[in-house]
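Thanks for coming, everyone. Please look at the structure on the screen while I talk.

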Amino acid sequence: MLRNVLLEGVTQDIYIKEGVISAIGSGLRCEDGDKVLDGHGMTVLPAFVNMHTHSGMTLFRGICEDMPLSAWLDSVWKAETALDPDLIYWGTRLACLEMIRTGTAVFADMYWNIDVAARAVSDSGMRALLTYCFLDGGDTGKQMAQREECSRMYDISRSWPSRVMFGVSIHAHYTVSDGNMLWAADFARSRSLRLHTHLSETLPENEKHLARYGITPARRLSDMGLLGPDLIAAHALWLGDEDVRLLGGSGTTVVHNINSNLKLASGYRFLYNELRDAGANVTMGTDGAGSSNNLDLRESLKTAALMQKAWRNDPAALPLDELMAMGTVNGARGLGLHSGVVEEGALADLILVDTDSPAFVPGYSFRSDFIYSANSSCIDTLICDGRVLMQGGHVDGEEEVLDMARREARRFYLKINAK
C-alpha cells in the first residue's frame, strides 16, 4: 500500500496486490500483513520504460570515445571478444542498478549471453525483454548455429520469471543474412515474441543500402514482411517520407536514442511528429552505456525535447504530455504490457518523486520541473511488479554490485589491452 502520494496533484492511496494496482482512492483499507509505504509529499508517476539498450555494455563506458559509429563498432566488436559470463552478469547488474536509481523499471535489451543476463535481471528485480541476437555477417556457417542457439535459449527461457521476457533481435539489416532475418521473424511471430532491430541509424548506412538494393532499409524490411506492431526499430533516424508511411502504417514501435545519436554524430533530426502522425508507436531509449555513457532515461527525454524544439525552430515541439508518454506508456505498449500508467488494473511499476528541493520551487508545473529543472536524484522510490526496489534513494545490495562491477571492469580492461 502506498499512502498519501500525490497523483495528478491529488492526495491518494494506491493499493497493490500481486504486482498489480488494484485500487486507487482516499483512505483505502489495508489487509493484515500488508506493507505500508507513506509517500507524504511525494508525487507518484509510472516508472520509465527504456526501449533500447545493451545492458552488459556498462563495462564499456568510456573506452571507445570520440569515434563515429563505424569506427566505434569496430572497436566494440574487438573488445567483445574478451567478454565472459562473469563480465556479462556484473555488467548487467550494474546496468540494472543504474536504471533503478534513475527511475526505469522496464527495459528492452539486445546483447549476448542472455541466459546470464536473465539471471542478473531476475536478481535485480526489474522487468525486461531480453532478446537473442542474430548477427551472422552473411557467414553461412553461423546461420544454422545461431538458429539452433536461438531455439535452445527459447526453451531455457521458459524457466525465467514472468517479468523476464524472451524475444529475438536482428542486429541490423547490414549484419544479418536475409535467410536469418526471415527465419528469426518467423520464429518470433510463431511464438508471439517481440522482434528488435537497429534501423537507419546513420546516413552512410542508408547510402550503402540504397547503392546495393536500390531501396531504403525500411522499404526492404517492409518488402520482407518484417515491419509490424511486434517490431521494435531502434534509431530510425534517416527516413524518407515513404519510410515514415511504412513504419506508421504497420504500427511499428520506433525508439529514439537521442544521446547516443548525438555523441556518435549519427544525426539529430528525428522525425517525431511525422512518425506519430503516421501511426508509429514512438518510444524512448538510451542505447548502451558504451555510446550514450549513461542509462538515465529522464535525461534522454529532456535532451530529446530540447533537440526537437531547436531543429524545428518551434518551442511547442514535443510537449510534456507526449514526452512523458514516450518514456512510459508507449514503451509498455510496444512490449505488450499494461504498464506505463498509474491506474487500476495496471502493473505496479511506479516511481515516487521527492519534490523537496530547489528544482521544484515555486512548483507551478510538476512535469516541467521534473523534466527540465530537476535531475534524476529526485527519484526517491522505485517499485517494479509491486516490489520496492529502491527507497530513500538506496537499492538493497548496491554496494556489492558496485564493488563487483569495479573488479570485473579492471579485469575486462586488462583483457582487451592484452589483445
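Some ground rules. This is a predicted model: local features need pLDDT of at least 70, side-chain atom pairs count only at pLDDT 80 or more, and totals for chains, interfaces and linings use all residues. Residues are numbered from 1 along each chain as its sequence is written, and side-chain values use heavy atoms, with hydrogens and water left out.

Helices (H or I, at least four residues) and strands (E, at least two) are DSSP runs, numbered from the N terminus. Two strands pair if DSSP finds at least two bridges between them.

Start with the sheet. In what order do the 8 strands of the open sheet run? The order is β6-β7-β8-β9-β10-β11-β12-β13, and the pairing is parallel. At the edges sit β6 (48-53) and β13 (281-284), each pairing on one side only. From one strand to the next, the twist averages 25 degrees. Angles here run from 0 to 180 degrees between N-to-C directions, with axes as lines fitted to C-alpha atoms, for helices over the stretch in contact.

Let's zoom in on one pair. Strand β8 (residues 127-134) and strand β9 (residues 164-172) run parallel, joined by 7 bridges. Look for F134: it stands opposite I170 in β9.

Next, strand β11. Is it buried or exposed? Buried means under 20% relative accessible area, exposed over 50%, and partly exposed in between (1.4 Å probe, protein chains only). In β11 (residues 231-235), 5 of the 5 residues are buried, so the strand is largely enclosed by the rest of the structure. Strand β10 (residues 195-199) pairs with β11 in the parallel sense over 5 bridges. There, L195 has L231 as its bridge partner in β11. β11 also pairs with strand β12 (residues 253-256), again in the parallel sense, over 3 bridges. In that pair, A233 has V254 in β12 as its bridge partner.

At 0% relative accessibility, V255 counts as buried. What does V255 touch? Contact means heavy atoms within 4.5 Å. Not counting residues up to four places away in sequence, V255 touches M51, H52, I232, A233, A234, H235, T283, M284 and G285. Over the sheet, helix α12 (residues 320-327) lies across β6, β12 and β13, at about 80 degrees to β13.

Our second residue is V121, in helix α3 (residues 114-124). V121 is buried too, with a relative accessible area of 0%. V121 and Y89 are 32 residues apart in sequence, and 8.9 Å apart in space, C-alpha to C-alpha.

Now the cores. A nonpolar core is a set of buried Ala, Val, Leu, Ile, Met, Phe, Trp, Tyr and Cys residues joined through side-chain atoms within 4.5 Å. The largest one has 119 residues, and L130, F166, V168 and F370 touch the most other members. Helix α2 (residues 85-101) gives the largest share, 10 residues. A second, separate core of 14 residues includes L2, I21, V342 and I383.

On to helix α6 (residues 203-213). E205, N206 and H209 are buried there. Seen down the axis of α6, its buried residues fall within an arc of 95 degrees, so they line one face of the helix. That arc is of the directions from the helix axis to the C-beta atoms. K208 and A211, on the other side of α6, are exposed. The cover over the buried residues of α6 includes β10 and α7 (217-223).

Last, the hairpins. Strand β15 (residues 379-384) and strand β16 (residues 387-391) pair in the antiparallel sense over 3 bridges. They form a hairpin with 2 residues between them, and D385 in the turn has a positive phi of about 60 degrees. β16 then pairs with strand β17 (residues 394-395), antiparallel, over 2 bridges. In this hairpin, also with 2 residues between the strands, G392 takes a positive phi near 65 degrees.
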